Amino acid sequence: MGIKADFREEEGIRKFLENKKKKYEKMNEKEKKEFDKDALENPYLDSRIYYIAEDKEIKKVLVGIDIEPAELLLSKEINGIDLIIAHHPIGKGLAHLADVMDLQCDVLNYYGVPINIAEGLMKERISEVARGVNSANHQRTVDAAKLLKVNLINSHTPCDNLAAKYLKDLIEERKPERVGELIDLLKEIPEYKEAMKIGVGPKVFVGDKENRCGKIALTEITGGTAGSPKLYEKMAQAGIGTVIGMHISEEHKKEAEMANLNVVIAGHMSSDSLGVNLFLDELEKQGIEIISCSGLIRVSRVK
Ligand SMILES: [Fe+2]
C-alpha cells in the first residue's frame with residue numbers, strides 16, 4: 001500500500017532498491033557483513049518488525065502514534081492484544097529515519113523543483129537528521145517489548161504516503177482557490193474535525209486565509225521528517241504557492257515567510273492518524289480488532 005501511494009510510483013521504488021543493490025554488490029566482504037540487508041527489499045527502513053514474541057495469528061492489535069514502554073504495559077491491561085503497531089519509528093527504524101528522506105527529492109521534483117536543487121539541499125539535511133537521531137535511546141521500547149513478551153512493529157512512511165495521496169487526490173478533485181477554502185476542505189476530514197475539538201485543527205501558519213493558494217504542494221506530509229528550510233525559496237521559484245505540512249519549526253516558518261509561500265499546518269497527530277487509519281482499514285476488513293492509543297484518532301472508512 002505504501003508503494004502504491006508513493007510519489008515515486010512503483011518504477012521509482014524499483015530503481016531506488018536497485019541502486020541499493022548495486023552499492024551492496026560493490027562492497028567487500030566486511031562491508032557486506034555490516035550492511036543492513038533489509039535495505040535490499042524494504043524501501044522504508046523507518047518501518048520494521050522489532051520483536052516477535054510469538055508468531056501467531058493476529059486478531060487484536062493495539063495501535064498508537066508513539067509507542068513507549070508505558071503503552072506496552074497498557075497492552076497487558078487489555079485482554080488479548082496480539083500485536084502492537086506504532087506509527088513513529090523506534091529501534092533501528094528510528095536509526096534509519098534519514099534513509100526515507102530521499103523520497104522528498106522526488107516529491108519536490110514532482111512539484112517542479114529541479115532534481116539537482118532538491119538533491120543538493122536535501123543531502124545536507126539528510127545527514128543532519130541522521131546525526132540527530134544517532135544519540136537516541138533507540139532500544140528502550142524494544143527492550144521493554146522483549147521483557148513483556150509482546151509482538152512489536154511500526155509503519156511510518158508507508159502510512160504517511162497514504163495520507164499524502166489521500167490529501168493530494170482530495171485537493172486535486174476539489175481545487176480550493178483561497179487558503180481559507182483549503183482550510184475548510186481539510187476541516188471536513190474527520191481526523192481534523194476531532195483535532196479541532198482540542199484546538200489543534202488545520203491552521204494557517206504562514207500567509208493569510210484571503211490569499212490565493214496557487215499551486216498546492218504536499219511536500220511535507222511524507223518523507224521522514226522536515227526537509228531543508230532553504231527549500232522554500234526554491235519551491236516558490238518552481239511555482240508552488242501553498243505548502244501543506246503536519247508541523248513546522250520556527251526556522252522553517254521564517255524561510256517560508258521570506259519566500260511569500262502560504263503554509264497550512266494540517267496538524268501532526270491528526271495527519272499521522274489519517275495515514276495510519278487508511279492502513280488499519282485494510283486490517284479491519286480482514287476481521288482484525290483495532291484498539292487505539294497514544295494519540296491515534298481512529299476513524300474507520302470501512303463501510
Ligand atoms: Fe509524525
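These questions and answers cover the cavities and the iron site of a predicted model.

Residues are numbered from 1 along each chain as its sequence is written. Local features need pLDDT of at least 70, side-chain atom pairs count only at pLDDT 80 or more, totals for chains, interfaces and linings use all residues, and side-chain values use heavy atoms, with hydrogens and water left out.

Reader: How many cavities of 30 Å³ or more are there?
Author: A cavity is a set of points on a 1 Å grid over the protein atoms alone, where a 1.4 Å probe fits but cannot get out. Points are joined across faces, edges and corners, and a volume is the space filled by probe spheres set on the points. With 30 Å³ or more required, the count is two.

Reader: Which helix supplies the largest share of the lining of the largest cavity?
Author: The largest cavity has a volume of about 70 Å³. Lining residues have an atom within 4 Å of a point, and here they include Gln104, Thr219, Tyr232 and His252. Helices (DSSP H or I runs, at least four residues) and strands (E runs, at least two) are numbered from the N terminus; helix 5 (102-110), strand 6 (215-220) and helix 11 (231-237) each supply at least two lining residues. The largest share, three residues, comes from helix 11.

Reader: How many charged residues are in the lining of the second largest cavity?
Author: This cavity has a volume of about 30 Å³, and Val63, Cys159 and Phe279 are among its lining residues. Ala, Val, Leu, Ile, Met, Phe, Trp, Tyr, Cys and Pro count as nonpolar, Asp, Glu, Lys and Arg as charged, and the others, Gly among them, as polar. The lining has seven nonpolar residues, two polar ones and, as for charged residues, none.

Reader: Which residues coordinate the iron ion?
Author: Donors are N, O and S atoms within 2.8 Å of the metal (3.2 Å for Na, K and Ca); water is not among the atoms, so sites may look incomplete. The donors here follow the spacing H-x179-H-x3-D along the chain. At 2.1 to 2.3 Å, the coordinating residues are His88 (NE2), His268 (NE2) and Asp272 (OD).

Reader: Is Asp272 buried or exposed?
Author: His268 and Asp272 are about one helical turn apart, because they lie four residues apart in helix 13. Buried means under 20% relative accessible area, exposed over 50%, and partly exposed in between (1.4 Å probe, protein chains only). His268, at 27%, is partly exposed. Asp272 has 1% relative accessibility, so Asp272 is buried.

Note on methods:
On a 1 Å grid over the protein atoms alone, a cavity is a set of points where a 1.4 Å probe fits but cannot get out, and a pocket is an open set with protein on both sides within 12 Å along at least five of seven lines; lining residues have an atom within 4 Å of a point.
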